[in-house]
Structures are given as C-alpha cells and as structure tokens.
Amino acid sequence: MPLKNTPMRYAWGSRGAISDLLGTGGVLDEPELNSPLQAELWFGAHPASPSRIPDPELAGGAATLRDWIADAPDAALGARAAQVHPGEPQLPFLLKVLAAAQPLSLQVHPTLAEARAGYDAEDAAGVAVDAPERNYRDRLHKPELLVALSETMSALAGFRAVDSVRELVADVAAAVAGTPAEADFAPFVRLVGGADDEAAMRELLTWILTDAAAKPASAALDAWVATDGEVFAVERHNLRRIREAFPGDASALIALLMNHVVLHRGEALYVRAGVLHAYLEGLGIEVMASSDNVLRGGLTVKHIDVDELMRILTVVPEDAPLLAPVVHGNVADFVPQEPDFMLQRAAAEHLDDHLECVGPGIAVCVAGTVQLEGGASGTAKTLGRGDAVFITPDERSVHVRGRGNLLLATMNPHAGDSQEMPA
C-alpha cells in the first residue's frame with residue numbers, strides 16, 4: 001500500500017535536504033518547493049503525523065494509516081503487533097527521515113515501566129496531555145535506532161569516561177587561564193574533579209541546569225571554540241555549533257561530559273532508555289518505538305523537569321552506543337534489543353535478496369529502482385527513489401530485486417518478547 005506524508009518543520013531542520021534525498025511525488029508530499037524547511041518525515045501511524053494513504057480504496061476507505069489500523073487491526077497489524085498496546089492496537093514502530101542543520105535538544109527516553117508510571121501520575125495530577133510542562137504524553141517507551149544517510153552524521157550519546165572528561169575540561173581551562181573567565185569556570189572544574197561516582201555526577205548535572213553560576217562558567221566555551229588544535233577537534237567543532245545555536249546556554253557544558261559520535265554513511269547509533277543524547281548535524285533514518293515521551297536535558301527553550309530527568313537518566317560512563325549490522329549478502333540487519341522494531345537495508349547494483357517481515361512493515365526506497373514481491377501473495381510493486389509502501393503482516397517476507405537502496409522497518413523477531421509482546 002503506497003504511503004505519503006508532509007515533513008515536520010522544526011526550527012533545527014535543514015532546507016530541502018529531505019527532498020534532495022527522496023525527490024517529490026513519492027512519499028514526500030511537499031507543497032513548499034522553494035527551499036522548504038524540512039526536519040523530519042514520518043512513516044507510520046503516530047497521531048502527530050500519520051502517513052496518508054493516497055488510494056483509500058486499498059484500505060476500506062481509510063485516509064490515513066492510523067485510521068486503517070483503527071478500522072481493521074487484524075488485517076493491518078496481525079495478531080502479534082495488534083496486542084502491543086492492549087486496548088488500543090497500534091503500529092509498534094515509527095520510521096523517520098531526520099535532517100538536522102542545527103543541534104537538537106539534549107534528551108532521554110523512559111523505560112516502559114517509567115512511562116506507564118509517569119503518564120498515570122501526571123493524569124492523576126490533572127496535567128493536560130498537551131500541556132508544555134507534561135513529561136509523559138503516552139504510556140510507551142521510546143528506544144531508537146539511527147542509521148546515517150549523509151556522508152557523516154554527528155551526535156552526542158551517553159557519558160564518556162571520567163578521565164576523558166577531565167582531559168577535555170583541562171583543555172578548556174587552559175584556553176581561559178589568566179583571563180577573567182578562569183574564575184567563572186573554576187566551580188565547574190572543581191565539580192568535574194570530584195565526579196567519581198554516580199551521586200557526584202548527578203550533582204554536577206543538577207548544578208549545570210539549576211545554578212546561576214553555570215551560565216558564566218559556560219562562557220569559557222566561547223574562548224575555547226575560537227582556538228584551533230588537533231586534540232579534541234571533533235568536540236571543539238560540535239561545541240562551536242552548539243554555542244552558535246544556543247548562545248549563553250549553560251547546558252552546553254553537559255556536552256563536555258558526553259561521547260561525541262561521528263557516524264559515517266551506513267553506520268548506526270542505538271539509543272536505549274535512560275541514555276542522554278542529541279543529534280547535531282546530518283541526514284539519517286530513524287526507527288523507534290511509536291512514542292512521544294521525551295525528557296529534555298538542555299539545549300532547548302522547552303520545559304526541563306530536572307528532578308524527573310535525574311530520576312530516569314543513566315549517568316554511568318559507557319562507550320558510544322554504536323550498533324554494528326549483521327550482514328548477509330546485500331542485506332544489513334540492524335537488530336536492537338527491543339521487540340518493537342528492527343531495520344533492514346538492502347543496497348547493491350544487483351539486488352536479488354529476501355527480507356524478513358515479521359508483522360507489518362514499512363519500506364522506503366532512497367536510491368535507484370527496486371521491485372518488491374510479497375512472500376505470501378506474490379504481489380509485486382516497483383519502487384523508485386522516494387517511494388514508500390506499507391506491507392501487511394500476512395506477507396511474512398519480501399523479495400527485493402533491482403538496483404538501489406531500500407530500507408525496511410519491521411518488528412524484531414530476534415529479541416525476547418516483553419510483557420506487551422505476546423507470542
């Protein structure tokens with residue numbers, strides 16, 4: 001079933017990057033062709049931007065994928081996916097093309113248990129679901145997987161080793177030594193020096209987000225990013241862009257505590273619940289659980305609930321959460337630990353490969369021309385660059401032939417069932 005949608009136009013988006021990737025006339029319905037601001041294009045049934053069905057007759061008259069799932073959950077989702085959220089059948093994943101020209105906010109997502117408890121507590125407190133101070137807008141978790149589509153894509157993800165943090169902070173301190181900024185930066189340096197355990201790290205983060213002294217301390221970053229040097233070149237570049245986008249924002253100091261990740265085309269980042277992260281620059285494709293639960297931790301004008309952020313945030317240092325694909329033939333499988341989703345990429349000059357399709361699937365062609373053939377029905381559909389289709393769960397697999405680059409999001413058969421994923 002072909003799909004269409006209009007991009008989301010967030011302020012951090014890129015001008016025309018999504019239409020450069022996909023063209024117009026396929027899935028991308030872009031009425032603003034004169035260098036439009038494009039941040040995300042959603043493929044799925046999330047209420048904020050459900051994919052449209054250009055031929056409603058294929059879906060019993062439903063105009064959107066969300067409407068069709070509500071009308072015919074058995075046909076659209078199948079038995080497994082229909083029970084992910086009891087009482088309200090929904091597609092368990094959301095696929096997005098993301099185009100970042102400026103840094104996104106620092107953010108973290110809850111576990112299933114945290115989302116349920118948080119949603120119910122805010123409901124009981126009478127906080128409207130659309131209130132700007134609301135933390136939990138649904139009862140689902142939001143793990144996510146990002147694969148770079150541009151030559152490089154930059155991100156912050158997780159906290160770096162403490163020794164590495166101290167080396168980076170010392171480099172910044174050296175840049176302001178002997179200047180008035182040295183005294184302002186000193187409280188941050190002292191806190192970093194004592195951040196040897198989880199409690200001290202939470203104290204440091206809380207200080208950055210709540211103490212008035214953090215803003216003048218962050219001014220040291222302006223002097224540091226104006227310097228050159230091969231050591232910490234990636235961090236310096238990222239902080240320069242952050243300071244340009246959020247001048248004077250004390251939360252930029254948090255970036256000194258985090259892993260700075262540069263993904264090359266085809267590489268993936270897997271962000272689990274509790275991991276602080278921010279995408280900074282580039283074009284990628286994301287697949288995630290179909291939720292809108294975001295706890296922000298800085299680099300934003302939106303609401304920051306510091307107490308709740310600290311409650312769900314994981315502050316233990318870890319390596320950047322890269323995810324290597326499992327490769328077979330021309331197919332790369334990006335398999336997270338979640339049952340909600342996985343992503344498959346088939347890319348080659350001569351494709352003749354089978355892709356597993358557990359439950360429903362969404363496929364998008366980002367280059368070339370490919371033919372998909374349903375594993376059960378034998379129905380064939382040709383996709384050119386920018387075309388996207390919904391695959392019904394009865395197919396179980398698709399055979400892809402042609403020349404190009406196809407991305408397929410499905411449920412993940414390789415992860416154990418959660419309590420919301422009955423066998």
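This is a predicted model: local features need pLDDT of at least 70, side-chain atom pairs count only at pLDDT 80 or more; totals for chains, interfaces and linings use all residues.
1. Tyr270 is buried, with a relative accessible area of 5%. Tyr270 belongs to strand 9, which covers residues 268-271.

2. Which residues surround Tyr270, once neighbours within four places in sequence are left aside? The contacts are Glu144, Leu145, Pro321, Leu323, Pro336, Gln337 and Glu338. The side chain of Tyr270 meets the side chain of Glu338 at 2.6 Å. A polar atom of the Tyr270 side chain also lies 3.1 Å from the backbone nitrogen of Gln337.

3. Now the glutamate in helix 11. Glu308 sits in this helix, which spans residues 306-312. Is Glu308 buried or exposed? Glu308 counts as buried because its relative accessible area is 14%, and the cut-off for buried is under 20%.

4. The side chain of Glu308 has two polar contacts to check on screen. One joins Glu308 to the side chain of Tyr136, at 2.5 Å. The other runs to the side chain of Arg311, at 2.8 Å. With neighbours within four places in sequence left aside, Glu308 is in contact with Asn135, Tyr136 and Leu295.

5. Next, an arginine. Arg166 is part of helix 5, residues 162-176. Its relative accessibility is 24%, so Arg166 counts as partly exposed.

6. What does Arg166 touch, not counting residues up to four places away in sequence? The answer is Val192, Gly193, Gly194, Ala195 and Asp196. A polar atom of the Arg166 side chain lies 3.2 Å from the backbone oxygen of Val192. The C-alpha atoms of Arg166 and Ala195 are separated by 9.6 Å. Along the chain, these two residues are 29 residues apart.

7. On to the rings. The structure holds 4 aromatic pairs. One of them is Tyr10 with Trp12, at 5.6 Å centre to centre. Their planes stand at 40 degrees, and the pair is tilted. Tyr10 counts as partly exposed, at 30% relative accessibility. Trp12, by contrast, is buried, with a relative accessible area of 14%.

8. Trp68 and Phe390 make another pair. Their ring centres are 5.9 Å apart. The planes meet at 85 degrees, so the pair is edge-to-face; the cut-off for that label is over 60 degrees. Trp68 is buried at 8% relative accessibility. Phe390 is buried as well, with a relative accessible area of 3%.

9. Two further ring features deserve a look. Phe185, Phe188 and Trp207 form one aromatic cluster. Elsewhere, Arg134 lies over the face of Tyr119, at 4.7 Å from the ring centre.

10. Finally, the whole chain. The secondary structure comes to 11 helices and 18 strands. Of the 423 residues, 56% count as buried. Take contacts between residues at least 6 apart in sequence: 74% of them join residues at least 24 apart.

11. What radius of gyration would a compact globule of 423 residues have? It would be near 22 Å, and the protein chain has 22 Å, so the two agree. Along the principal axes, the C-alpha atoms fill a box of roughly 75 × 50 × 40 Å. The accessible surface comes to about 16700 Å². Carbon and sulfur atoms account for 51% of that surface.

Methods
Residues are numbered from 1 along each chain as its sequence is written. Side-chain values use heavy atoms; hydrogens and water are left out. Helices (H or I, at least four residues) and strands (E, at least two) are DSSP runs, numbered from the N terminus. Buried means under 20% relative accessible area, exposed over 50%, partly exposed in between (1.4 Å probe, protein chains only). Contact means heavy atoms within 4.5 Å. A polar contact is a pair of N or O atoms within 3.5 Å; within protein, one must be able to donate a hydrogen and the other to accept it, and residues adjacent in sequence count only if both atoms are side-chain atoms. Rings of Phe, Tyr and Trp (its six-membered ring) pair if their centres lie within 6.5 Å; planes under 30 degrees apart count as stacked, over 60 as edge-to-face and the rest as tilted. A charge sits over a ring if NZ of Lys or CZ of Arg is within 6 Å of the ring centre and within 35 degrees of the ring normal. The radius of gyration is taken over C-alpha atoms; the globule rule is 2.2 Å times the number of residues to the power 0.38. Accessible areas come from the Shrake-Rupley method with a 1.4 Å probe; for residues, only the protein chains shown count as cover.
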